Amino acid sequence: MPFPRRRADRRRRHRETAPGHGAPPPVLPDRAAPPLRIVTGTLLDASPHLLIVATASGEERLTMTEATTVWHGGRGGPAALRPGREVIVRPRTDGFGADRVWVDIGRVTGTMLACGRDTVEVDMGPHRGRAHVAVPPQVLEPLLVRHPRMEPGYLIDVICVGSPDGPRAVRPGTPQPGHRADDLAAPDPAAPVPPVLHGTVTWWGGASAPPPRRRGLYEDTWPYTADVLPPRARLAQLAPPPVTGREAHESLLSLLDTGDVPGPGWDERAEAEESPTWREFPLLTDGGAAYPAVDAETGGGCADAPSGCVPFPALSLGSEITVHNRCGLRTATAIVVECGCVAARYCDRCVECGVSPRGRLAELTPAAFAALGGDLETGCFNALVRPDVGGSLMRGSAVRW
Amino acid sequence: MVTAFMNAQVLLLAAVLLAASLAKLTVREAPAPDEVHGVPVPAVRRTREATVALGLAEGALGLALLLTPHPSVRLVAAVVFAAATWVVGELRVRRPDAGCGCFGGLSGERVGHRSVVRAALLTGAAIAALGAPLAGIDVLGQARFLVGLMFTAEVALFAALSPELSELVGRHRRRRVRPWVPCERRRAPLTETLATLHASAAWAALEGAVTGAAPLDAWREGCWRFVVYPARLDGTDTEVVFAVSTAERDRTVRAVHVRAGRAAPASLPPSTSVLRIP
């Protein structure tokens, strides 16, 4: 992942040792399930009963059942499961077999720069570059229903499927905001920051999208190599999903007692010696979040990005946010790996399982979005987001989800 | 009684016209948007020059109502208020996003029922004032109790029907109280953080242990910016984590030693200080 987790853990440890700071407030959702374990990788082989996927950590074999659904630009069958394609697999909640398989799914979100007859050029923000999206005639009509302003300067958000010629639009991700990209009504400068934000959470990128290129202070400092997960996270992947944050902590402790093999990396010796950090909710080990209010002073932020639709507290890359999916009732902590400059331009709602208040609170990587129970083709879920700033500010707030 | 009522209307109309003129000349309007939620709305040409010209005309009419009892002036006033009622009603239907501009920039709120009712009542008052025998200045000179009572009641009714009053009070309040950006959202430059840190007692106490001029790491979390420096304590390489508040005033600086992933609370110098920013 873009932001090394060891560094994020190190920051968290440093923060918590500072006087006046401590664990996040004891806010627990009334009913919250842990995140699902998502498999992301390249399809090696597929049969009616078995999927073989090459992932960053090795080869994964997943059982296919009759209930398994395949998405490839719409409802697809086993024919869509061709070797070499990028897949995201979400397992069933009972852990037996694959529930959903998304093949070559992607998403393009940003400001339209040029609109041709069947292509749209989109500026996806300073961290993600530009994309040319093909819009077939049969997709244009439903797209225009939710994106009436297909003009340069307006925002676009489409779910795409990968093709040899680049991303091909399949359906709108969310309704198009009525305002121009640079005409967002920001909250009052003196508006107080709520401890828990309520709005919509979406995803960005895709199964085959390259990792975003980092510029600025961190350019070439922490290259985008396959990140070696910290010991706790790797063990968490092997362990059955715990039920609550406390149980997660205890299960991780017991696993750590059995020994661990630290991988190479930055200050690894010190990392191996440290005691595990207690987390209120499980950490999303495969993915992260793009947060709209990343501090530009300490790198990774967007100095010219709008302040967002809701009053966000400022965070940095490596900070953590806790996301609660109100649709799937799953909660997990995600590391901020990118500035959500594009999300900051959206003042929209999600209408999945109720209407959320306005404001795009975060964008998750596809694996993190699916791990929280989100359907990638739907595009969003109604969410509560708690920026884990810790300290006396958040402590003692009696907020319940 | 009837005459007193008619005379009171002359005073009311003159007061309203002069107030509207003053507001149009002194409070600028915000430009109205061309569209609502992506849907274009009919354009209304409302330039500053037109607003000033309208304000001057209203001021002249208000002064004329005060100075002369000529029927033509009263007739013009009645026509003006009737036209204003029609315009406000149309704006309410066609421009649900824009204010009427009746009192310049104070009338930025969308046109509602109150504004239409107010304009209609003023039109009625202008029609009633057609038969008033005295000019406004003469009514003031007589200082009749009944006229004063009616005028006061009508002004109170006018104020109750005016959304501009809350805007005026709000502007006055905002001018007195500067908006205070919460520390979580405040854009605090890194130079300010370092200046606050270097001027703090926590830095003075730990400066001797710090071995590097540049911080190893710096990041922001809400009201705090964390800065990590390499340090050496009791012959061991450690790190010092400073937490610097990002508040506009009264910034707190906290510090702690961290060694091999653990806090070392023993042998810590006094680590908390509050820097008063004038």
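Start at the hairpin of E16(A) and E17(A), with four residues between the strands. Leu329(A) there takes a positive phi near 55°. The names are DSSP runs, numbered from the N terminus: helices are H or I with at least four residues, strands are E with at least two.

Two ground rules. This is a predicted model, so to speak: local features need pLDDT of at least 70, side-chain atom pairs count only at pLDDT 80 or more, and totals for chains, interfaces and linings use all residues. Residues are numbered from 1 along each chain as its sequence is written, chains are lettered from A and ligands numbered from 1 in the order written, and side-chain values use heavy atoms, leaving out hydrogens and water.

Two strands pair if DSSP finds at least two bridges between them. Ile321(A) has Ala334(A) as its bridge partner in E17(A). Val323(A) stands opposite Ala332(A) in E17(A).

What does E17(A) pair with in the parallel sense? With strand E15(A), residues 289-291, over three bridges. Tyr291(A) has Cys339(A) as its bridge partner in E17(A). As a reminder, strands of a sheet pair through backbone hydrogen bonds, either parallel or antiparallel.

Is E17(A), residues 330-339, mostly covered or uncovered? Mostly covered: 10 of its 10 residues are buried. Buried means under 20% relative accessible area, exposed over 50%, and partly exposed in between, with a 1.4 Å probe and protein chains only.

Six strands close into a barrel, in the order E13-E18-E15-E17-E16-E19, with mixed pairing. The twist averages 45° from one strand to the next. For that, axes are lines fitted to C-alpha atoms, for helices over the stretch in contact, and angles run from 0 to 180 degrees between N-to-C directions.

Next, aromatics. Over all chains, the structure holds seven aromatic pairs. Take Phe369(A) and Phe381(A): their ring centres are 4.9 Å apart and their planes at 25°, so the pair is stacked. Phe369(A) sits in helix H6(A), residues 366-371, and Phe381(A) in strand E19(A), residues 380-387. Both are buried. The rule: rings of Phe, Tyr and Trp (its six-membered ring) pair if their centres lie within 6.5 Å; planes under 30 degrees apart count as stacked, over 60 as edge-to-face, the rest as tilted. Over in chain B, ring pairs link Trp203(B), Tyr229(B) and Phe242(B) into a cluster.

Stay with chain B. Strand E3(B), residues 217-221, has five of its five residues buried, so it is largely enclosed by the rest of the structure. Asp217(B), Trp219(B) and Glu221(B) lie on one side, Ala218(B) and Arg220(B) on the other. Five bridges join E3(B) to E4(B), residues 224-233, running antiparallel. Arg220(B) stands opposite Arg225(B) in E4(B). Two residues separate the strands of this hairpin, and Gly222(B) in the turn has a positive phi of about 60°.

Last stop, helix H4(B). Its buried residues include Ser115(B), Leu122(B) and Ala126(B). The face turned away from the buried side of H4(B) carries the exposed residues His113(B) and Ile127(B).

That is the tour. Questions, please.
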